[in-house]
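Colleague: I would like to learn how to read sheet and helix packing. Please take me through one case.

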Amino acid sequence: MTGRIKTVVAGVGAFGQKHLDAIRLIESAEVVSVVGRQLAPTEEVARKYGISHATTDLAEALARPGVDAVILATPTQMHAAQTLQCLDAGKHVQVEIPLADTLKDAIAVAELAKRTGLVCMVGHTRRFNPSHQWIHRRIAAGEIAVQQMDVQTYFFRRTNMNALGKPRSWTDHLLWHHACHTVDLFQYQTGETASQAFALEGPKHPTLGIAMDMSIGMKVPSGAICTLSLSFNNDGPLGTFFRYICDNGTYIARYDELLDGKNNPIDVSKVDVSMNGIELQDREFFAAIREKREPNASVRQVLPAMQTLDRLEQSLKKS
């Protein structure tokens with residue numbers, strides 16, 4: 001492929017704009033269209049980023065001349081259907097996490113991606129954050145092995161608001177969205193699929209209808225375990241915090257900050273070309289298209305996380 005990769009970004013909320021910011025830094029790609037739910041705010045985002053085309057119709061954007069690829073930052077419930085739509089249109093696609101909110105839909109996407117041979121990638125940003133990359137490289141080198149990952153994913157979302165503090169048009173989910181990050185990361189870092197997995201959930205929100213608190217436990221065949229606590233009720237420090245308890249050291253990751261077990265900082269600034277995980281995953285997406293290869297976090301690679309999430313959902317139904 002010669003020239004810049006012409007890209008559509010669908011979804012212009014908090015995460016869509018993070019992708020737009022990232023692509024500004026990537027010379028090999030350009031955004032030629034943005035797609036949103038309402039035309040006026042979508043056109044406003046297009047003006048902000050100097051993009052010539054805005055629409056509320058994904059099909060319209062896909063049909064524009066020369067479009068090569070799509071990044072989907074749309075509501076979770078739309079991910080699988082829109083990914084299938086993009087693949088059917090012959091476009092490479094990166095879909096934000098999660099790939100789908102059912103295992104059946106995730107398998108359907110994986111099967112179509114295999115048949116088309118197109119690059120189909122999922123936005124598992126934790127694989128690209130320099131802090132987690134630093135850990136992954138030490139694991140791959142045989143310097144450390146995970147004994148336990150202890151993870152807290154905490155938000156304060158008693159109303160249906162997004163990361164920009166604006167009302168959402170859809171309902172978020174602790175299991176299929178937020179737990180997906182850690183389920184995939186635990187299996188990626190250990191190189192194994194969970195052989196045991198269970199989940200517990202707290203009371204459901206009276207109007208949103210979702211559990212606001214959840215606890216997840218997993219174990220892989222080698223013996224490593226993961227303990228994950230999630231909450232939309234936490235009125236305190238927000239975000240996701242990882243503690244890697246290893247056979248040779250303990251490490252604490254807070255997004256792109258990495259500390260050892262005694263709170264001494266570890267310099268991860270030279271791990272990759274950027275400290276921005278979204279930029280790094282977008283760079284991987286465009287590089288895989290140009291190099292005609294499978295990307296890190298391809299649909300095939302993340303399907304085991306979807307299988308584990310399905311098992312966790314089944315455990316909730318039995319409890």
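Colleague: At what angle do helix 5 and helix 9 pack, and how far apart are their axes?

Modeller: Some ground rules come before the answer. This is a predicted model, where local features need pLDDT of at least 70, side-chain atom pairs count only at pLDDT 80 or more, and totals for chains, interfaces and linings use all residues. Residues are numbered from 1 along each chain as its sequence is written, and side-chain values use heavy atoms, with hydrogens and water left out.

Modeller: Two packed helices are described by the angle between their axes and the distance between the axes. Axes are lines fitted to C-alpha atoms, for helices over the stretch in contact, and angles run from 0 to 180 degrees between N-to-C directions. Helices (H or I, at least four residues) and strands (E, at least two) are DSSP runs, numbered from the N terminus. Here, helix 5 and helix 9 (residues 299–318) pack at about 170°, with axes 9 Å apart. Helix 5 is therefore roughly antiparallel to helix 9 (over 145 degrees; under 35 counts as roughly parallel, 65 to 115 as roughly perpendicular, the rest as oblique).

Colleague: Which residues of helix 5 and helix 9 make the contact?

Modeller: Contact means heavy atoms within 4.5 Å. Helix 5 supplies Leu103, Ala106, Ile107, Val109 and Ala110, and helix 9 supplies Val299, Leu303, Met306, Gln307 and Asp310.

Colleague: How do helix 4 and helix 5 cross?

Modeller: The axes of helix 4 (residues 79–88) and helix 5 (residues 103–116) come within 10 Å and cross at roughly 10°. The two helices are therefore roughly parallel to each other. Their contact includes Leu84 and Leu87 of helix 4 and Val109 and Leu112 of helix 5.

Colleague: Now the sheet. In what order do the strands run?

Modeller: Strands of a sheet pair through backbone hydrogen bonds, either parallel or antiparallel. Two strands pair if DSSP finds at least two bridges between them. In this model, 6 strands form an open sheet in the order 3-2-1-4-5-6, with parallel pairing. Strand 3 (54–55) and strand 6 (120–123) are the edges, each pairing on one side only.

Colleague: How many bridges join strand 5 to strand 6?

Modeller: Strand 5 (residues 92–96) pairs with strand 6 over 4 bridges. Val93 stands opposite Cys120 of strand 6. Strand 4 also pairs with strand 5 over 4 bridges, where Leu72 has Val95 as its bridge partner.

Colleague: Why is strand 5 largely enclosed?

Modeller: Buried means under 20% relative accessible area (exposed is over 50%, partly exposed in between; 1.4 Å probe, protein chains only). Strand 5 is largely enclosed by the rest of the structure because 5 of its 5 residues are buried. His92, Gln94 and Glu96 lie on one side, Val93 and Val95 on the other.
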